[in-house]
Number of protein chains: 2
Amino acid sequence: MSSNPSTTSVIPAPPEPVLAVLDPVTGPRLAALETPILRADEAAATRGDGAFESMHVRGQSAWLLEAHLKRLAHSAAALSLTLPPRDALEQLVLTAIEGWQERSDAEAGVKLVCARGPEYAPELGPTAYALAFGVSDTLIRRRRTGVAVASLSFGYPAAERAQAPWLLGGCKTLSYAGNMTALRHATAAGFDDALLISADGYVLEGATSTVVWTPNPGVLCTVPIDTGILPSITAEYLFEHAPELGLKPFRQLIRLPELLAADGVWLCSSVRGIIEVTSIDGCPTRRSPLTPRLTALLGFQRNAAQCV
Amino acid sequence: MSSNPSTTSVIPAPPEPVLAVLDPVTGPRLAALETPILRADEAAATRGDGAFESMHVRGQSAWLLEAHLKRLAHSAAALSLTLPPRDALEQLVLTAIEGWQERSDAEAGVKLVCARGPEYAPELGPTAYALAFGVSDTLIRRRRTGVAVASLSFGYPAAERAQAPWLLGGCKTLSYAGNMTALRHATAAGFDDALLISADGYVLEGATSTVVWTPNPGVLCTVPIDTGILPSITAEYLFEHAPELGLKPFRQLIRLPELLAADGVWLCSSVRGIIEVTSIDGCPTRRSPLTPRLTALLGFQRNAAQCV
């Protein structure tokens with residue numbers, strides 16, 4: 001296996017993740033990643049018909065696991081997808097993490113995938129598995145360097161998805177080709193990440209992250225969830241703890257020119273933590289002295305010693 | 001295996017499809033559907049990151065196979081996805097069809113799936129397989145009975161996707177959860193199918209089909225492809241052959257009230273053929289005498305004898 005980025009993967013992959021699969025009868029167990037586990041008619045593969053969560057590994061568990069399981073349940077409900085029992089999913093995640101930690105002490109994330117299962121064998125029920133993976137060097141480095149982002153239209157007007165639940169606003173589904181393509185378009189143009197903008201000009205979210213900003217000292221903002229953005233567990237955690245840094249949390253719509261004028265702009269998510277945006281479409285954003293404190297608030301480190 | 005519809009599948013599944021997989025070295029071969037072929041980190045499953053085509057089986061091949069392979073190549077290019085060689089894909093489709101026809105003489109379709117492959121083993125290259133499947137009784141029956149459709153917002157303004165290629169307008173990707181959810185919302189409300197409407201009120205397409213209509217006798221219309229709808233191979237075939245029925249083909253934007261006033265409205269796709277829309281949101285549409293002739297033009301039959 002090569003550790004180099006392929007031409008199509010945006011973030012280089014560290015060595016092999018650890019796979020845990022959920023057997024409906026015997027429960028979770030480790031399995032070889034090399035051995036196929038999904039049938040050709042698995043709805044995850046033929047229709048992106050399922051949901052997932054990505055979490056940061058902390059100690060012997062996943063950070064904010066409870067909130068992630070709750071969001072997964074919300075995504076599944078929107079898809080009319082029956083999930084395995086909550087406790088089985090928790091054990092599945094812990095099994096993957098334990099398997100990873102037996103092999104490596106490197107910083108890790110864990111991805112939990114739940115899908116509708118094989119189309120032609122509904123008696124097999126839904127599919128569930130977890131992959132514990134090493135956090136990429138690129139991502140760790142960006143916690144220090146920040147990212148240059150490109151703004152791209154996300155197509156939807158900001159108010160549209162609140163009226164149309166079948167558009168799956170707020171859901172973390174496996175139908176992620178659009179997000180990945182936006183990311184590829186941004187990186188092909190020399191940017192690090194993509195910032196998705198509504199058809200009517202409002203900032204929505206990153207391709208795989210949530211945008212937060214300080215419009216002025218003392219206030220920490222993010223986008224209202226009725227725009228259909230993914231309700232960020234990391235941003236929610238930041239909001240709960242923002243008062244510890246003297247910041248008042250606030251949700252509001254913002255346009256690009258206002259975002260460019262903010263005191264600080266960041267992308268956050270469970271595995272990346274919080275990464276400063278250094279420019280948007282080539283226009284520099286203001287660097288904020290808050291970055292190290294926000295990073296520490298989330299329990300991430302950004303010192304060079306961590307970077308391989 | 002039950003042949004009853006599960007609560008989550010919209011069209012009941014006929015017996016087991018026949019699977020053909022593409023080995024990059026030895027070429028296509030039949031494989032047991034029961035045996036998993038996809039790794040847990042397959043991008044098709046974790047990100048809906050791939051493209052597909054569904055075709056109607058005619059004789060020992062797929063109807064309009066060349067056009068489908070061309071559209072697949074277009075979808076793949078939009079995803080920056082490298083496809084296996086064209087001839088290997090053709091052989092893969094033919095292998096699945098041959099396998100089906102050795103087992104059954106029932107009307108069949110064939111689905112060709114191409115995806116990015118395992119995220120952590122890029123050296124394995126893209127994944128490709130074909131599933132030959134029996135056309136469902138429900139679908140065959142609807143060719144005679146027509147369908148009652150519900151209109152649902154598709155979120156995008158009609159002109160938006162032409163400006164934003166990363167939104168994958170015109171691409172048949174595996175990220176299909178939105179389409180399937182729209183279909184589930186429609187069926188849960190007692191309708192047969194969903195008709196997707198742009199955020200600015202224009203008719204776009206069916207959840208898994210293309211809409212065509214006769215605004216008045218002598219004209220056959222469908223939606224302009226710069227709206228980001230899937231460029232329909234079936235509608236294109238209809239357009240080429242429409243003059244044989246004295247119909248002049250035309251592409252234009254249309255709103256729901258105008259569609260309701262049309263002389264005839266249909267949903268078409270490669271496997272369903274052409275199915276008349278009998279009502280939209282409960283308002284009856286005009287029944288057209290053209291339905292049998294359009295069905296025959298596409299080479300489908302709609303007599304009851306075909307229906308089990």
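**Close-up views of a predicted two-chain model**

**View 1. A salt bridge within chain A.** The side chains of A:Arg142 and A:Asp192 are joined by a salt bridge with an N to O distance of 3.7 Å, the term standing for a side-chain nitrogen of Lys or Arg within 4 Å of a carboxyl oxygen of Asp or Glu. Because A:Arg142 belongs to helix H4 (residues 137–145) of chain A and A:Asp192 to the loop between helix H5 (177–188) and strand S8 (193–197) of that chain, the pair ties together parts that are 50 residues apart in sequence. Helices (H or I, at least four residues) and strands (E, at least two) are DSSP runs, numbered from the N terminus. Over all chains, a search of the whole structure finds 28 salt bridges. This is a predicted model, in which local features need pLDDT of at least 70 and side-chain atom pairs count only at pLDDT 80 or more, while totals for chains, interfaces and linings use all residues. Residues are numbered from 1 along each chain as its sequence is written, chains are lettered from A and ligands numbered from 1 in the order in which they are written, and side-chain values use heavy atoms, with hydrogens and water left out.

**View 2. The relation between the two chains.** The same surface serves both copies, since 100% of the contact residues of chain B recur in chain A, where contact means heavy atoms within 4.5 Å.

**View 3. The interface of chain B and chain A.** The contact takes 57 residues from each of chain B and chain A, and the two chains bury about 5,000 Å² between them, 63% of it on carbon and sulfur atoms (the accessible area, with a 1.4 Å probe, that two parts lose on being put together, summed over both). Two salt bridges are found across this interface; B:Arg184 forms a salt bridge with A:Asp49, with the closest N and O atoms 3.9 Å apart.

**View 4. The open sheet of chain B.** Six strands of chain B form an open sheet in the order S2-S1-S6-S5-S3-S4 with antiparallel pairing, two strands being paired if DSSP finds at least two bridges between them. Strand S2 (27–31) and strand S4 (61–62) of chain B stand at the edges with a single partner strand each, so one side of each is left without a neighbour in the sheet.
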